[in-house]
Every structure is written in C-alpha cells, then in structure tokens.
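Subject: Model for you to look at

Hi,

Here is the structure I promised. Please open it alongside this note.

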Amino acid sequence: MARLRASRVRRLPTPPSVACHNNTPVALITGAGRGIGRATATRFAQAGFRVAICARTASELRATHKTLAASGGQVFVRRADTGKPSDARALVRAVLKHYGHIDVLINNAGILGPMLQLTRYPLRPWLNVLRINLTGTFVITQEVARAMMRRHRGCIITVSSSVGRAGRAGWGAYAVSKFGVEGLSQVLADELRPFNVCVMTYNPGGTRTKMRAQAFPHEDRSKLKDPSVTAEALLRLTRGASPDHTGHAFDAATLPDSPV
Ligand SMILES: NC(=O)c1ccc[n+]([C@@H]2O[C@H](COP(=O)([O-])OP(=O)(O)OC[C@H]3O[C@@H](n4cnc5c(N)ncnc54)[C@H](OP(=O)(O)O)[C@@H]3O)[C@@H](O)[C@H]2O)c1
C-alpha cells in the first residue's frame, strides 16, 4: 500500500502550485467580511487572483467588495452561512459557474463560541460552533475538492489554531472544532494525493481581529500581528504548495519557503 502511494506521488503531473497556471487563478476565501478573511482576499486580489468571498453580514461583505473593486481586482461576492449545507453548496456551485474553476480554497470562516470549561458548556452553542467551524468546513471542502479532483490541481488551506493542536482549558467547542479540521485535512490530504490537490492547515497565531478581542478582551492589541501578516503567510503557503506539503499543519514558524 505504501509503495503504491509512493509511485502515485512520483507520477503527479505537475505540482499544484497555482502561480504558474496560464489562466488567472481563482481563490475562494470564506469569512472575508472582516479580519483575516478580508485581509487575505485583499492580498490575493493584489497578487492577481480572481477572488470569491462570502460571510453572513452584508455590510461587511460590501466593505470588502469595495476595497477589492477599488484596487481593480475581480471579485465574486455572495452572502452565505457556511454552517448551512444548502448555503455552502450553493456558494461553491455559484463560484464554479461564475469563474469556471477554483484553484485555491481558504477555509477561514469561523466563530469562537463561549469560553467555558467543558463541564459547564451548554449543548446549543456546542452544536453551533461545530456546525460552522467543522461541518461547514467539511461541506465547502467536499464540494470544492470534487471540482479540484476533476482538474487534477488545487490547493486547500484551512485556518486552524494552536488550541486545535494542543488542548487548553476553557477553549471548549472552538478547540474541539479546530482539532476536527486538522483531522479532516489529514484524511483529505491522503485521499487527494493522487489527484495533485495539496491540503494543508495554517495556525495564524494571535492576530488583531474581532475574534481575538472576544477571546482576550483585556490584552494590549497593539502587540498583536496585523491580519495582513497572516494574509501574506497564506499567499506564501499557496504559492509553495507541493506534494511534499500536503497533509501538513503549518504555522508562522514552520512556513515553507515560497518558490515565487
Ligand atoms: N485572530 C486570531 O488570533 C486567530 C488565531 C487563530 C485562528 N484564527 C482563525 O482565523 C479565522 C478567522 O478569524 P478572525 O480572527 O479573522 O475572526 P473574525 O474577525 O471574527 O472574522 C471571521 C469572519 O468569518 C465570518 N464568518 C463567521 N461565521 C461564518 C459563517 N457561518 N458563514 C460565513 N462566514 C462566517 C465572519 O463574518 P459573519 O460573522 O458576518 O458571518 C467574519 O467575516 C478563524 O477560522 C479563526 O478560528 C484566528
């Protein structure tokens, strides 16, 4: 089995890098109304990607759209709750219809939920956090991955967290959902290896966003990294995507060198 997989890897037609692709590459970035998602959409558009974005809050989506359009980028905007399977599937289908394909998926949309010990964690927010952070990521990824498999190319990066790699008291369903997306990415990476689709996770570390402020309301925000730093890291990870990187969990310290 191991030998079969190794020979399949050697037969990969091209690395899934999107930088060398003839057509303008397309990136779908979920949760791009603010924070890391907005910064990532902006950076990818500046780098020449055609961008598709979603979020639930229309006013924030409009603001991201305005920024992207002002810089001359091509952008497809759709209001969607990625935690609703019907919204998630319709979003991917609409992007595929609009652009024809998706080269890069950045699974960024997520919520924090209550910061409570598991013994006191209520069921309703538990289900909601898992619905958005884990099941939503699964449904979007499944739809996009099928399209990428048909083209034998693509890159899927899910934004994870340090608490999705080592459990920490008080992080509740959020931490468990991030452990879930790490597992999802590892299984998918193994399944998509023969299809030249690179699947990775990225832990951005403390970044100055609304979610971070919710988790640490009393910290000095000036010491946190700007979302543009994480956006740059995600672009670099995308450009460096290769069969060697699929299945890996990266963070700022382990970011591989980009070939571009
Ligand atoms: N900031 C950090 O320090 C940090 C650290 C580690 C990991 N992360 C991860 O980084 C990602 C982005 O976080 P952030 O800090 O930028 O958070 P944020 O400022 O709260 O932004 C989250 C974005 O996701 C969207 N979103 C949330 N739920 C959604 C849903 N069901 N459907 C569609 N869009 C949805 C939000 O818009 P709507 O609410 O309008 O839908 C918003 O645009 C998350 O996955 C988070 O877990 C962040």
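Below is what turned up, starting with how to read the model.

This is a predicted model: local features need pLDDT of at least 70, side-chain atom pairs count only at pLDDT 80 or more, and totals for chains, interfaces and linings use all residues. Residues are numbered from 1 along each chain as its sequence is written.

Ligand shell. There are 32 residues around the ligand, and Gly31, Gly35, Arg56, Thr57 and Gly110 come nearest. (Near means a C-beta atom, placed from the backbone, within 6 Å.) The shell holds 11 nonpolar, 15 polar and six charged residues. Here Ala, Val, Leu, Ile, Met, Phe, Trp, Tyr, Cys and Pro count as nonpolar, Asp, Glu, Lys and Arg as charged, and the others, Gly among them, as polar.

Core. The largest nonpolar core has 66 residues. Such a core is a set of buried Ala, Val, Leu, Ile, Met, Phe, Trp, Tyr and Cys residues joined through C-beta atoms within 7 Å. Buried means 20 or more other C-beta atoms within 10 Å of a residue's own; exposed means 12 or fewer; partly exposed is in between. Ala27, Ile29, Val51, Ile53 and Val144 touch the most other members. Beyond four places in sequence, Val144 contacts Leu28, Val92, Ile102, Leu105 and Ile156. (Contact: C-beta atoms, placed from the backbone, within 7 Å.)

Lys225. This residue counts as partly exposed because Lys225 has 15 C-beta neighbours inside 10 Å. Not counting residues up to four places away in sequence, Lys225 touches Gly205, Gly206, Thr207, Arg208 and Thr230. The C-alpha atoms of Lys225 and Arg93 are separated by 34 Å.

Best wishes

Technical notes: Two residues are in contact if their C-beta atoms, placed from the backbone, lie within 7 Å.
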